[in-house]
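Please look over the model shown here before reading on.

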Amino acid sequence: MKLALYQGPVIDGATGEAFAKIREVLTAAAAAGARMALFPELFLPGYNHPEHHAALAQPLGGAWMTALSALARETGCGLTIGWAEAADGTVYNAATTIDAGGALRGHYRKIQLYGPMERASFTPGGGYCLFDLEGVKCALLICYDVEFAPHLRALAAAGAELVLVPTANPRGFEHVQDFLVPARAAELGLIVAYANFCGEDAGLGFCGRSLIAGPDGRALAAAGPGETLLITDLGAAALVPAAHRSTQLSDLRSISDDA
């Protein structure tokens, strides 16, 4: 399966401009043979815009998801996107995967909310999400979630092969892309796709540098600081020799094992 990853600037509000960009990306991704495109965190209605989060948040079956499903069918490319979800009388920082036929395949609510803004805007999620996509066992996390090794370990133990991560990582935190994401992929034999924003938005600068890390920690594709559409064939990950893949899940010893 070919995976596309979009890195671009924040678009303020769930506007026609935002949906036009989504259509543009899906069209380009489909033309390159991709069946799934990954977008950043809170692409709808914008990350550093807490004034929009509760005011514009929508339910899972609302107009945003209806429009995104139609775009997937129109272009022939599915998408995984971060957005503000209204449900249960509160608001969640969510990510949803829609396949190339327009069907909802996965839905997830961010567990590890980061910083005062997120904690004021959102309620944390309470569970993982795993699903099959064209023969690949996928999981969803959002930004700060991927920095917690136990979450990745739990997903790997449940059979995940590909972890899709919408993110909004600011400048000054490039160690996440440089070290943490490759380490999570390598130690558990996963593919981790990490889609970030770039540019400036409402006083916050994003560092870009999105990447797709393979199961040996090496980048299958990586972006610089500017707007980018990455396309990679995930079949390349199958070429990583077994001897180069981690066996930590099976090798881990607990303290009681040595007692």
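Two strands pair if DSSP finds at least two bridges between them. By that rule, E10 and E11 pair in the antiparallel sense, over four bridges. The model is predicted, and side-chain atom pairs count only at pLDDT 80 or more. A search of the whole structure finds 13 salt bridges and zero disulfides.

**The hairpin of E10 and E11**

- Two residues sit between the strands of this hairpin.
- Asp201 has Leu204, in E11, as its bridge partner.
- Ala202 is found in the loop between E10 and strand E11 (204-207).
- Ala202 is not a glycine, yet its phi is positive, at about 50 degrees.
- Ala202 is also exposed, with a relative accessible area of 53%.

- Most residues other than glycine have a negative phi, and most peptide bonds are trans.
- Leu42 has a positive phi of about 50 degrees although it is not a glycine.
- Leu42 lies in the loop between E2 and H2.
- Where Ala202 is exposed, Leu42 is buried, with a relative accessible area of 0%.
- The peptide bond that joins Leu44 and Pro45 is cis, with omega about 5 degrees.
- Pro45 lies in the loop between E2 and H2.

**Salt bridges**

- Side chains of opposite charge can pair when their charged atoms come close.
- Glu227 forms a salt bridge with Lys21, and their closest N and O atoms are 3.0 Å apart.
- Glu227 lies in the loop between strand E13 (219-222) and strand E14 (228-233), and Lys21 in helix H1 (residues 16-31), so this pair ties together parts that are 206 residues apart in sequence.
- Glu227 is partly exposed, with a relative accessible area of 46%.
- Lys21 counts as buried, at 16% relative accessibility, because buried means under 20%.
- Lys110 and Glu41 meet through their side chains in a salt bridge, at 2.9 Å from N to O.
- Lys110 lies in the loop between strand E5 (104-109) and helix H4 (115-121), and Glu41 in the loop between strand E2 (36-38) and helix H2 (50-56), so the pair ties together parts that are 69 residues apart in sequence.
- Both partners, Lys110 and Glu41, are buried.
- Arg171 and Glu200 also meet in a salt bridge, at 2.5 Å from N to O.
- This pair links distant parts of the chain, 29 residues apart: Arg171 in the loop between strand E8 (162-166) and helix H6 (175-188), Glu200 in strand E10 (residues 198-201).
- Arg171 is partly exposed, with a relative accessible area of 44%.
- Glu200 is exposed, with a relative accessible area of 55%.
- Salt bridges that share partners join Lys21, Glu24 and Glu227 into one network.

**Nonpolar cores**

- The largest nonpolar core has 43 residues.
- The residues with the most contacts inside this core are Leu141, Val146, Val163, Leu164, Val181 and Leu190.
- Strand E9 (residues 191-195) gives the most to this core, with five residues.
- Which residues does Val181 touch, not counting residues up to four places away in sequence? They are Val146, Val176, Val192, Tyr194, Leu211 and Ala213.
- Another core lies apart from the largest one and has 36 residues, among them Ala34, Leu42, Trp64 and Phe197.

**Cysteines**

- A disulfide needs two cysteine sulfur atoms within 2.5 Å, and the search finds zero disulfides.
- Cys138 is in no disulfide; its nearest cysteine sulfur, that of Cys129, is 9.4 Å away.
- Cys138 counts as buried, at 0% relative accessibility.
- The sulfur of Cys198 is 9.9 Å from the closest cysteine sulfur, in Cys207, which is too far for a bond.
- Cys198 is buried, with a relative accessible area of 6%.

Definitions and conventions:
Residues numbered from 1 in each chain as written. Predicted model: local features only at pLDDT ≥ 70, side-chain atom pairs only at ≥ 80, totals over all residues. Heavy atoms only, no water. Salt bridge = Lys/Arg side-chain N within 4 Å of Asp/Glu carboxyl O. Buried < 20%, exposed > 50% of the residue type's maximum accessible area, 1.4 Å probe, protein only. Core = buried A, V, L, I, M, F, W, Y, C linked by side-chain atoms within 4.5 Å. Contact = heavy atoms within 4.5 Å.
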